[in-house]
Amino acid sequence: MKYLGNITKMKSVLSNSVEYFLPIGENKIEMNSLLGNEIKISWTGEINCVKCGKVTKTSFFQGFCYNCFQISPETAPCILNPELCEAHLGISRDMEWAQNNCLQDHFVYLSLTSGLKVGVTRASQIPTRWIDQGAVKAIKIAKTPNRNLAGLIEVDLKQYFSDKTAFQKMLKTENVLDINLKTEKNNASELLRPDLSQYLIPESEIVEIKYPILKYPTQIISFNLDKEKSITGNLMGIKGQYLIFSNGNVLNIRKYSGYKFIFEY
Ligand SMILES: [Zn+2]
């Protein structure tokens with residue numbers, strides 16, 4: 001089979017293990033069924049902005065042209081730093097977008113990726129956010145009515161917990177992290193600034209996520225389609241937004257949102 005079209009990050013469905021779908025043009029490729037098979041991904045050299053569709057030479061913020069990057073609410077500073085969100089004060093690049101995205105329930109969570117991390121996500125993005133970062137377990141710790149408050153909680157907890165994922169370690173790690181999320185949640189609850197503790201939630205279900213991986217890589221090589229233009233190899237697994245090939249090459253699909261790909265298998 002051969003597909004041609006602009007891609008976006010993979011869609012996912014959480015079941016026994018995560019089911020992945022790669023949107024390409026009008027199609028969606030069922031990625032799990034390709035495990036163990038040879039696939040070939042080539043970049044045509046074209047990028048279309050994921051927002052306005054215009055051709056752009058360079059992709060900003062994973063898929064935007066420079067103009068959209070500067071004015072879109074999806075690329076505002078509060079996307080990376082939720083505590084900077086001012087939507088609750090009526091300030092946003094696009095208040096209608098903010099109403100549907102920033103001024104909605106958010107969760108602060110702890111997850112296990114390459115290690116223990118704290119993070120923030122809009123309620124409707126659970127479990128997508130956890131899958132995209134390659135978390136194997138996650139637990140919600142606080143619920144807030146907007147993005148800013150969740151960000152303030154995260155900033156406070158960053159004193160005690162990392163907010164980063166080391167992607168190479170994440171891709172090599174199966175489930176060896178001996179960390180009890182309920183204990184860590186209790187720790188976080190006690191450490192949190194008292195004026196924010198009203199947002200803590202008692203619920204403590206641990207969500208476990210399994211990824212479709214035939215064999216974990218021992219060595220990771222970040223494949224760069226901007227330079228190499230084409231990658232061919234046996235697909236050994238998918239974790240987060242990464243395709244893992246048998247020789248240790250990994251391709252971060254999210255980085256190529258808006259790129260026009262030829263996908264063959
Ligand atoms: Zn654009």
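I began with Phe 61, which counts as partly exposed at 29% relative accessibility. On this scale buried is under 20% relative accessible area, exposed is over 50%, and partly exposed is in between (1.4 Å probe, protein chains only). The model is predicted, so I note its limits: local features need pLDDT of at least 70, side-chain atom pairs count only at pLDDT 80 or more, and totals for chains, interfaces and linings use all residues. Residues are numbered from 1 along each chain as its sequence is written, and side-chain values use heavy atoms, with hydrogens and water left out.

**Backbone entries**

I looked up the phi of Phe 61 and found a positive value near 55°, in a residue other than glycine. Phe 61 sits in the loop between β5 (38–47) and α1 (66–71). I take helices (H or I, at least four residues) and strands (E, at least two) as DSSP runs, numbered from the N terminus.

Lys 229 is not a glycine either, yet its phi is positive, about 70°. I located Lys 229 in the loop between α8 (225–228) and β11 (230–239). Its relative accessible area is 39%, so Lys 229 is partly exposed.

Next I checked for a cis peptide. The bond from Ile 126 to Pro 127 is cis, with omega near 5°. Pro 127 belongs to the loop between β7 (116–122) and α4 (128–132).

**Asn 48**

Is Asn 48 buried or exposed? At 16% relative accessibility, Asn 48 counts as buried. I found Asn 48 in the loop between β5 and α1. A polar atom of the Asn 48 side chain lies 2.9 Å from the backbone oxygen of Gly 53. Leaving out residues up to four places away in sequence, Asn 48 touches several residues, among them Asn 6, Lys 54, Gly 63 and Lys 260. Contact here means heavy atoms within 4.5 Å.

**Domains**

I then turned to the division into domain 1 (2–69 + 213–264) and domain 2 (76–206). The bounds come from an automatic or database domain assignment. The C-alpha centres of the two domains lie 26 Å apart. Domain 1 gives 19 residues to the contact and domain 2 gives 18 residues.

How much area do domain 1 and domain 2 bury between them? I noted about 1500 Å², 60% of it on carbon and sulfur atoms. Buried area is the accessible area (1.4 Å probe) that two parts lose on being put together, summed over both. On the domain 1 side, Tyr 216, Ile 220 and Lys 239 lose the most area to domain 2, together 34% of what that side buries.

The rule finds 2 salt bridges across this interface. A salt bridge needs a side-chain nitrogen of Lys or Arg within 4 Å of a carboxyl oxygen of Asp or Glu. I also looked up the salt bridge between the side chains of Asp 132 and Lys 9, at 2.3 Å, N to O.

**Core**

Last, I looked up the largest nonpolar core, which has 65 residues. Met 31, Leu 243, Leu 251 and Phe 263 have the most contacts inside it. Both domain 1 and domain 2 give residues to this core, so it lies between them. Such a core is a set of buried Ala, Val, Leu, Ile, Met, Phe, Trp, Tyr and Cys residues joined through side-chain atoms within 4.5 Å. Another core, of 5 residues, lies apart, and Cys 78, Cys 85, Ala 87 and Ala 98 are among them.

Methods. A polar contact is a pair of N or O atoms within 3.5 Å; within protein, one must be able to donate a hydrogen and the other to accept it, and residues adjacent in sequence count only if both atoms are side-chain atoms.
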